[in-house]
Amino acid sequence: MSENVKIAVKDLNIIFGKHQKEAKKLIAQGVSKTEILKKTNCTVAVTEANFDIKDGEIFVVMGLSGSGKSTLIRALNRLLEPSSGQVILDGADVLQANNEELREIRRKKYGMVFQHFGLLPHRTVASNAAFGLEIQGTPEEERIKKAYEILKIVGLEGYEEKMTGELSGGMQQRVGLARALANEPEVLLMDEAFSALDPLIRGNMQDELLNLQESLKKTIVFITHDLDEALKLGDRIAILNDGKIVQIGTPEEILTEPADEYVRTFVENVNRANIVTAQTIMFEKPTRIELKREGAEVTLRKMRNTGLSVLPVVDENNKFIGFVFDDDVVKIRGDKSKSIRDIIYEYSASVYLETPASDIIAAYRDSSIPIAVVDENGKLKGVVMHSAVVSEIIGKDENEIRTDIKNALEI
Amino acid sequence: MKYLEIGKHVEKGIDWLAQNAEPFFDAITVVIEFLVGAFQDLLLMPHPFLMIAIISILAYMVSAGRKNFFTALGWKKGRFLGLFTLIGLTLLYLMNFWNETMQTIALVVSSAILALLIGIPVGIQTARSLRAEKIIRPILDFMQTMPAFVYLIPAILFFSVGNVPGVVATVVFALPPAVRLTSLGIRNVQSDVVEAAYAFGATEKQLLYKVQIPLALPSILAGVNQVIMLSLSMVVIASMVGAAGLGQDVYKSILTADLALGVESGLGIVIIAIILDRLTQAAGENTNRK
Ligand SMILES: Nc1ncnc2c1ncn2[C@@H]1O[C@H](COP(=O)(O)OP(=O)(O)OP(=O)(O)O)[C@@H](O)[C@H]1O
Ligand SMILES: [Mg+2]
């Protein structure tokens, strides 16, 4: 279900200016944006955009100022008329809809939240929240009731009869969100919805949006120029550079496999520790000792072969138990009364695949003891060396990290 | 010897209009006469003392604000205009200008209403279409720079003498600020509010009535104030074509060099001006604050 495509954007071009035909020809010839502006006086805001937005995902579009983000999102509900292409929402091209159909699409399928809120200052909070329903002709009593419900959900209970001008920015944007949610849209369009807010409030709003999304499961198109915000909110992120989509991927993919120099410079500025997870930096399929079958001799042989002084121990179901150290193994060698079980070090923390690097660092008690990565059933998936996490947080590229991990494992 | 007879050609055109569009002008005459007559009758119907009381209380209520009729705050805000109206109108009554005063108010209010009825819709149109703006702006400039006296001549040709040509000339003269301030107010509505309305599927009409006009209201009301003041400033000029009221007395005082009459009737116009100005300003302020 969640893999269904909600909106498919195909070959979308958006050009501002009078001589669109010429501009289009030049685009086809691969002429650059600045050249086109010089020759035709047309601004090419978006070129050849192709992407799918899946049902129920948060799709983030990120790019610097002027990269065409607002233009792109406005093409989805045709606040801006694209020059060519298709925006297929639930199988029908929005760009082919006539005026009446378009209004119906805007009323029923989309809700939109704006950077500067776009509220009506002469009306109360409740009446603002009910605006979308009012436009649809919902009777007053019903729409106000609905508005009260939604305002409660977004945390504005008790403010319903205040004028919007009396509220703080964060609260105004909650009204904006309530207004967008009140007509129960399938797709939520959010153009830099949190950019005008204080950092602290912005963080809160992001958390709340994620919370809401857990129960709402709307398709959300979220525009931002802030990579941290994109990484936090996005199930997938599209990166826009100068009107072109240069990469689409999960936050993880964007960080670990930046498609080009532009994305890379973007990514370098982010605090990687919050984003990179155990899965990315762990050493996969580590050599392990199976408690029931393998004793001291086998362990020593494996240690010799891998050159490692520490190995993880698992039970017969590959469930992680602890680590063994080479000097402990040497001590019990030949002693029939002792087994590996007696020397397992069980106090090392284990982390999940999706644990971010910053939390892994916090889990280390002793930098010489690695940390095991397990799945939700406690099965061993990999091992993370302290040095690997550190170098990741410092921010080296993937290959460097891989060699770091190898080096670390060989110590 | 003039080489170019622009004036003659315009005159010919206007003569032609006066003869051929007579039903049209007759219709306008009927409307204006009815409007002015109705206001005059209404204002002169009660005894002057009763009317003075009504207008003074009204002035107090408007400037005190809707919720504050009986509060200390309301008294503080409303007492000036309330008392000024009471004293001013009593003064006019004592100077034996009562009929003229009411006639003047009837003329000014009728002209202002007509100017607003035309000006506000035109202003809305110019705000919403660049082409309309391009056509209408120079016309407004023309209307505002042409000396007001000139409007009297075609007004006489079309409507002969009396209140009607006076009102017509006044409407033409007082119209521009209604158009300009309405248009300005609508253009200044924040673009993201307009965008939001469209994004939720508003029709053009819904956008206009639910968003643009309410948000432009302070500016539109400033336009109302200006229209009324300009209408009042036309009172004397309009009296030259026979419009009734205090303007007649001022005009007469000029012709006969009667200083006493001039002072008295001039004072009367000032009193009316202050009352109308403060009244419309207060109305505007109280809607702004809401
Ligand atoms: N109405 C317009 N007419 C002409 N050019 C426009 C118009 N709107 C946007 N542009 C141009 O299109 C390009 C993309 O603008 P857009 O507003 O989509 O950028 P953005 O990524 O949203 O930037 P920001 O972060 O500043 O909001 C810019 O070069 C801009 O100057
Ligand atoms: Mg933008």
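A polar contact is a pair of N or O atoms within 3.5 Å; within protein, one atom must be able to donate a hydrogen and the other to accept it, and residues adjacent in sequence count only if both atoms are side-chain atoms. This report uses that term for a predicted model, in which local features need pLDDT of at least 70 and side-chain atom pairs count only at pLDDT 80 or more, while totals for chains, interfaces and linings use all residues. Residues are numbered from 1 along each chain as its sequence is written, chains are lettered from A and ligands numbered from 1 in the order in which they are written, and side-chain values use heavy atoms, with hydrogens and water left out.

**Ligand 1**

The residues around ligand 1 (a heavy atom within 4 Å) include F16(A), T43(A), A45(A), L64(A), K69(A) and T71(A).

| Residue | Atom of the residue | Distance to an oxygen atom of ligand 1 |
|---|---|---|
| G68(A) | backbone N or O | 3.0 Å |
| S70(A) | polar side-chain atom | 2.7 Å |
| E192(A) | polar side-chain atom | 3.2 Å |

On its own, ligand 1 has 630 Å² of accessible area (Shrake-Rupley method, 1.4 Å probe), and the protein covers 59% of that area. At least two residues of the shell come from each of β2 (43-54) and α3 (69-76) of chain A; helices (H or I, at least four residues) and strands (E, at least two) are DSSP runs, numbered from the N terminus. With three residues, α3(A) gives the most to this shell.

**The interface of chain A and chain B**

In this interface, 24 residues of chain A are in contact (heavy atoms within 4.5 Å) with 16 residues of chain B. The two chains bury about 1,700 Å² between them, 65% of it on carbon and sulfur atoms; buried area is the accessible area (1.4 Å probe) that two parts lose on being put together, summed over both.

The rule finds two salt bridges across the interface, a salt bridge being a side-chain nitrogen of Lys or Arg within 4 Å of a carboxyl oxygen of Asp or Glu. R74(A) and E195(B) meet in a salt bridge, at 2.5 Å from N to O. On the side of chain A that touches chain B, α6(A) provides the largest share, four residues.

**Chain B**

Chain B has 13 helices and zero strands. Its C-alpha trace spans about 65 × 65 × 30 Å along its principal axes.
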